[in-house]
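Reader: I have a new model to go through. Can you walk me through it quickly?

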Amino acid sequence: FLFENITDSNGKKYRMPYVVGCAAGSRDIYALGMMCKAEEIGDKWLDAQKYPLAPKLVERALVQEVVCQGEEIKKEGILMLPIPISTPGFDNAPYTSASNWITKDPETGIRNVGNYRGQVKAADRFGIFPGLGQDGRAHWEKCRTRGIPMHAAMVLGAPPNISYVAISKFAEGVDELGVAGAIAGEPVEIVQCKTVDLEVPAHAEIVVEGIIPTDFVEPEGPFGEMTGYMASRETNPYMHVTCITHRRDAVCQGFLSQFPPSESSKIRQISWEQVIFKMLTVDMELKNILDVVFHESSGSWGFCVIRMKEPRPEQNEKIMKAVSERLWGGKMIVLVNEDIDPRNLESVVWAMSFRMQPHRDTQILRSKKPLPLDYSVAPPGEGAGRRFGEQAHESSCLLIDATLKWGYPPTSLPKREFMEQAIRLWKREELPALNLNSVYWGYPLGHWGAEDEEEAALAVRGEYLKTGARQAEQRRKP
C-alpha cells in the first residue's frame, strides 16, 4: 500500500510518500524481494548463509543525495518523516516499524543490523527498544561498561534483502550485510555516515544518524507488538539525532505489524525458518531434517515444528535443545515424522495427540532469556528482562517429541487409488473445488501384516464372507 497524499491529525502535509506491505505482505511479495520463485526461497536463503559476500565501500550514494544537519535537525528533523500511529487508540506516539538499526560491537568492530521499533519523541530524539537477546542491546551494554555512548544509524526503506536479514537471528559474529549481499548476488554497497562511525546501505531510502547515551535511559512505549498485545511502558535507551540523509525522491517504509498474522510475522517466519534449518543441516550436519516451520499465530517465534525423516530418540533431544538455545525463549518445539505436514496445525495436533505421551516424550527447559514482550513471564510493569541492567525473569521452553516410537497401523483413510478415483468422480460431477491436505489417503506405518492386507483386498472385491468363514474356524473359548 503506497500512500502519496499524507496529512496528519493537525493538518500537516508531508512531501514524502509512505509504503507498507512491500517487503513481506505475502510469501509471493517476499519472493519478489528475493528475486526468485516462492518455492526457491529456502534454497536461496541457505546458499546465502553458506556463501556470504562482504559489503563494498563506496564514496557516493543515493541515500545521501539530501543531507540535513545542524539547525535543520532541531527545527524539523525526524518530524519530516511521515511515520504513522500503528495502533490508533493505544500507541502513545508514531513509531517506526521497518527500522533497521546498525550498530557495532565496541570490542570486535563487527557490524550488526537489527530491526527495532523507534518512538518519535522530538525533532531530534528517537526512542529505541533493543530487547533482551538482541545484538543492539549487547553493544549498548558493552559501551555502557566502557563509559562511552553508542553510535547508531537507523535505516528506513532498506533494500528488501537487508530487511530480511535484519529480522533474523544469526550466530554471533555474522555480518548480516554479507548474507544480504549473497541474497542479491552481489556485495551490498555501503557508504560512510556523515556524523557517526558507521557504514550504511548506499541504496536505502533514508538514514537517521545519531548517538545513543549509555548513562541514561528514559520511558518508552506503549506500542502494539508482534505478540498481539500492547508492549507496556518501559525504560529504554534513546538516540540524539545528529543527521538525516535521504534520496531526493525518498519513500518512507513501514511493516504491517501488531497482531499476528501480519507482515511482521511473515518476514520473521521465513527468515527464522531458514536460519534454524541451516543450523541443523549445515552446522550440525544432520541429514534427516526435512523442514523447519514457525507458525505465524505464535508471532513466528513461540511455536516451532521440525519435520524429520527416520528420527532417532538419541538425536531428537539434542535437536530440540539446540533450537531452543538459538531461539532465546521460544515456547514450544515439536518434532514430527515426515508424513506430518508441519504447516498444517491440524496435522501437527494429530501427531501430538496420538504419537506422544507427556510423561515420556516432553521436557521443560528453563532459561534466563525470555522474550521481552511475553507477559506470561511476568505481569505488565514488572518486566520480563526488559529493563536495562535488571535481572531477567526466568522463562521456559516445552520440548515435544511427537514422532513415532514404534510401528503403527495404517492411517484410517482409503488407500490412494480409491481416493484418486473419488477425486475424478468429484470433478466429473462438477462439484465445488476441493482444498486437499498434503496427505489425503491411507498409508502403512509399520504395523500391518500379510493377513490384514489379504482380508482388506477381499473386502473391496466383495469377498468378505471368506474372511467371516475363516474367522469362524478360528473360534475359541475366552
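Reader: Which classes make up the lining of the largest pocket?

Author: The lining has twelve charged, seven nonpolar and six polar residues. Here Ala, Val, Leu, Ile, Met, Phe, Trp, Tyr, Cys and Pro count as nonpolar, Asp, Glu, Lys and Arg as charged, and the others, Gly among them, as polar.

Reader: Before we go on, what is this model, and what was left out?

Author: It is a predicted model: local features need pLDDT of at least 70 and side-chain atom pairs count only at pLDDT 80 or more, while totals for chains, interfaces and linings use all residues. Residues are numbered from 1 along each chain as its sequence is written, and side-chain values use heavy atoms, with hydrogens and water left out.

Reader: Back to the pocket. How much space lies in it?

Author: About 550 Å³. A pocket is an open set of points on a 1 Å grid over the protein atoms alone, with protein on both sides within 12 Å along at least five of seven lines; a cavity is a set where a 1.4 Å probe fits but cannot get out; lining residues have an atom within 4 Å of a point. Points are joined across faces, edges and corners, and the volume is the space filled by probe spheres set on them.

Reader: Which residues are closest to the centre of the largest pocket?

Author: Gly 133, Gln 134, Asp 135, Ala 138 and Glu 172, out of 25 lining residues.

Reader: And which elements give two or more residues to that lining?

Author: Strand E9 (111–115), helix H4 (135–146) and helix H8 (313–327). H4 gives the largest share, six residues. Helices (H or I, at least four residues) and strands (E, at least two) are DSSP runs, numbered from the N terminus.

Reader: Cavities now. How many of 30 Å³ or more?

Author: Three. The largest cavity holds about 530 Å³ of space. Of its 31 lining residues, the closest to the centre are Asn 115, Tyr 116, Gln 134, Ile 167 and Arg 268.

Reader: What is the make-up of the lining of the largest cavity?

Author: It divides into 16 nonpolar, nine polar and six charged residues. E9 and H7 each supply at least two residues. The largest share, four residues, comes from E9.

Reader: Step back. How many helices and strands are in the chain?

Author: There are 13 helices and 26 strands. The C-alpha trace spans about 100 × 50 × 45 Å along its principal axes. Of the 478 residues, 52% count as buried. Buried means under 20% relative accessible area, exposed over 50%, partly exposed in between (1.4 Å probe, protein chains only).

Reader: What share of the contacts comes from residues 24 or more positions apart?

Author: It is 72% of the contacts with a separation of 6 or more. Contact means heavy atoms within 4.5 Å.

Reader: Where is Ala 98 found?

Author: In the loop between strand E7 (95–96) and strand E8 (100–104).

Reader: Is Ala 98 buried or exposed?

Author: Ala 98 counts as buried, because its relative accessibility is 1%. Leaving aside neighbours within four places in sequence, Ala 98 is in contact with Asn 115, Val 155, Leu 156, Gln 253, Gly 254 and Phe 255.

Reader: New topic. What order do the strands have in the open sheet of three?

Author: E5-E13-E14, with mixed pairing. The edge strands, E5 (56–58) and E14 (199–201), each pair on one side only. The twist averages 45° from one strand to the next. That angle is taken between N-to-C directions, from 0 to 180 degrees, with axes as lines fitted to C-alpha atoms, for helices over the stretch in contact.

Reader: In which sense do E13 and E14 pair?

Author: E13 (residues 189–192) and E14 pair in the antiparallel sense, over three bridges. Two strands pair if DSSP finds at least two bridges between them. Ile 190 stands opposite Pro 201 in E14.

Reader: Which residues does a cis peptide bond join?

Author: One joins Gly 221 and Pro 222, with omega about 5°. Another joins Pro 260 and Pro 261, with omega about 0°. Pro 222 is in the loop between strand E16 (218–220) and strand E17 (223–224). Pro 261 is in the loop between strand E21 (252–254) and helix H7 (263–283).

Reader: What about the phi of Met 35?

Author: Positive, about 60°, although Met 35 is not a glycine. Met 35 is in the loop between helix H1 (27–34) and helix H2 (41–50). Met 35 counts as exposed, because its relative accessibility is 54%.

Reader: And the phi of Ser 300?

Author: Near 55°, again positive in a residue other than glycine. Ser 300 lies in the loop between strand E22 (289–294) and strand E23 (303–308). At 0% relative accessibility, Ser 300 counts as buried.
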